[in-house]
Amino acid sequence: MNNSELATPFLKYSPDTFPYRDTQYCLKKMPTDFLVEEVPRFYKPSIEKQIWHFQLRKEGMTTSEAITNIANILEIPQNHIGYAGLKDEDGVTSQRISIQSLSQELDISAINAHLDMTSGKWLSLHELGCFEEKIKIGQLVGNSFRIVIRNLDKAIAHTLAQQSSHNHAFINYYDTQRFGVPGGPSTTHLIGQAIYHNEWKKALLLICQSESPEALAAQKWQGKPIHFFHQLDPRRLSFYYASYGSYQWNHLVAQEFQRHHEGLKVVRSSIPYILPKTYSDVMEFAAAMPWHPFARFEITDGKKAEKQSLRPTIVHTYIKVIDLSEDHEFPDRSSLTIEFFLPSGCYATMAVCQFIYLSNAHFTT
């Protein structure tokens, strides 16, 4: 891995607004504006094995928080609960999880009793049955999205709505969710960097300030900083490593893009990006460098293993326009509802960001 030092100022920008000409827009004004449905890989049903699968729906909490809550209610270790990917807290999301060591008499009403859909922070489980294997990180095909884009210029919104679907290609950057929680500082990559270099005291201090699920426990920690990280769920430790790798990947891909194309420099939640100005630049970049190496980390028996894999630099998707309407949240503006699918590891917010900008640049040239 390129171990250049990272520096991210503690400045707060709106991650989902992007003022250039009139490409300002708003995502996630309310949770129901951002619906996510995970598309899992195939799992073989089992009569003998006691590995239960459930559909987890949630709002107002990360996947990690949901897993912690479920484990506490059932009084089981968190590592007995498997999941394929992390879903954000600022939306209504649905994903598959597995739970080991459960009795046939499990009553999930103990969990769903906490369901209060008016609170803005809830989860619910739906039983799917027993299967051959537990769910592991990365075992998903991708995610389907239904998103309401608000605060759109009426002319842009109406032009986009003239087509029922759009063939969209975008640079496959890791978006701001990878680097912090909503409203908090974008520092998970800095935490990952500190852990990578065994700077445990620095990493613990950054977690205390991060507003992450571990922040409160970190603030109360009295032991040695290194021991705090050793007692974390290995999947959380892997997340911080991966965040560091993600920042490095973004930086290197942006550098490669700038070698041959002029891009737009933007800062979103204190994370810098270089965005393409034309679809022709996107397609030329896809032809010149379709893949770029990415460092992946796994924690097994407390030991870190680093592996190199390839991540696509450009992702293609079809965006279907579902509805165009007056935006009652933003007077004299329009809202556009869209649907699309993305492969695992891609960010819908980044797809929308480049969709709005590239479309507007095309319409106004």
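Helices (H or I, at least four residues) and strands (E, at least two) are DSSP runs, numbered from the N terminus. By that naming, Gln177 lies in the loop between E7 and H4. What you have here is a predicted model, in which local features need pLDDT of at least 70 and side-chain atom pairs count only at pLDDT 80 or more, while totals for chains, interfaces and linings use all residues. Residues are numbered from 1 along each chain as its sequence is written, and side-chain values use heavy atoms, with hydrogens and water left out.

With a relative accessible area of 19%, Gln177 is buried; buried means under 20% relative accessible area, exposed over 50%, and partly exposed in between (1.4 Å probe, protein chains only). The Gln177 side chain makes a polar contact with the side chain of Thr349 at 3.0 Å. A polar contact here is a pair of N or O atoms within 3.5 Å; within protein, one must be able to donate a hydrogen and the other to accept it, and residues adjacent in sequence count only if both atoms are side-chain atoms.

Asp175 also lies in the loop between E7 and H4, and its partner Arg268 is in strand E8 (residues 264-268), so this pair ties together parts that are 93 residues apart in sequence. Their link is a salt bridge, that is, a side-chain nitrogen of Lys or Arg within 4 Å of a carboxyl oxygen of Asp or Glu. Both Asp175 and Arg268 are buried.

**Salt bridges**

How many salt bridges does the structure hold? There are 15, and the table picks out three of them.

| Asp88 | Lys28 | 3.8 Å |

Asp33 sits in the segment before E1 and Arg150 in strand E6 (residues 140-152), so their bridge ties together parts that are 117 residues apart in sequence. Asp33 and Arg150 are both buried.

Asp88 counts as partly exposed at 26% relative accessibility, whereas Lys28 counts as buried at 14%.

**Aromatic residues**

The structure holds 13 aromatic pairs. Rings of Phe, Tyr and Trp (its six-membered ring) pair if their centres lie within 6.5 Å; planes under 30 degrees apart count as stacked, over 60 as edge-to-face and the rest as tilted. One of the pairs is Tyr173 with Tyr273, edge-to-face at 5.4 Å centre to centre and 65° between the planes. Tyr173 lies in the loop between strand E7 (165-171) and helix H4 (188-196), and Tyr273 in strand E9 (residues 271-275), so the pair ties together parts that are 100 residues apart in sequence. Both of these tyrosines, Tyr173 and Tyr273, are buried.

Phe239 and Tyr240 make another edge-to-face pair, because their ring centres are 5.5 Å apart and their planes are at 65°. Phe239 is buried at a relative accessible area of 14%, and Tyr240 counts as buried at 0%.

Then there is an aromatic cluster made up of Tyr174, Trp249, Phe294 and Tyr347. Arg311 lies over the face of Tyr174, 3.7 Å from the ring centre, and over the face of Trp249, at 4.9 Å. A charge sits over a ring if NZ of Lys or CZ of Arg is within 6 Å of the ring centre and within 35 degrees of the ring normal.

**Helix H8**

Helix H8 covers residues 234-260, and 27 residues at 1.5 Å each should span 39 Å; its end C-alpha atoms are 40 Å apart, which agrees. (The expected span is 1.5 Å times one less than the number of residues.) H8 is mostly covered, with 19 of its 27 residues buried.

**Strand E2 and its neighbours**

Why is strand E2 (residues 51-59) described as largely enclosed by the rest of the structure? Because eight of its nine residues are buried. E2 pairs with E4 in the antiparallel sense over nine bridges, and Arg57 has Ser94 in E4 as its bridge partner. Two strands pair if DSSP finds at least two bridges between them. E2 also pairs with strand E5 (residues 122-130), antiparallel again, over eight bridges. There, Trp52 stands opposite Cys130 in E5.
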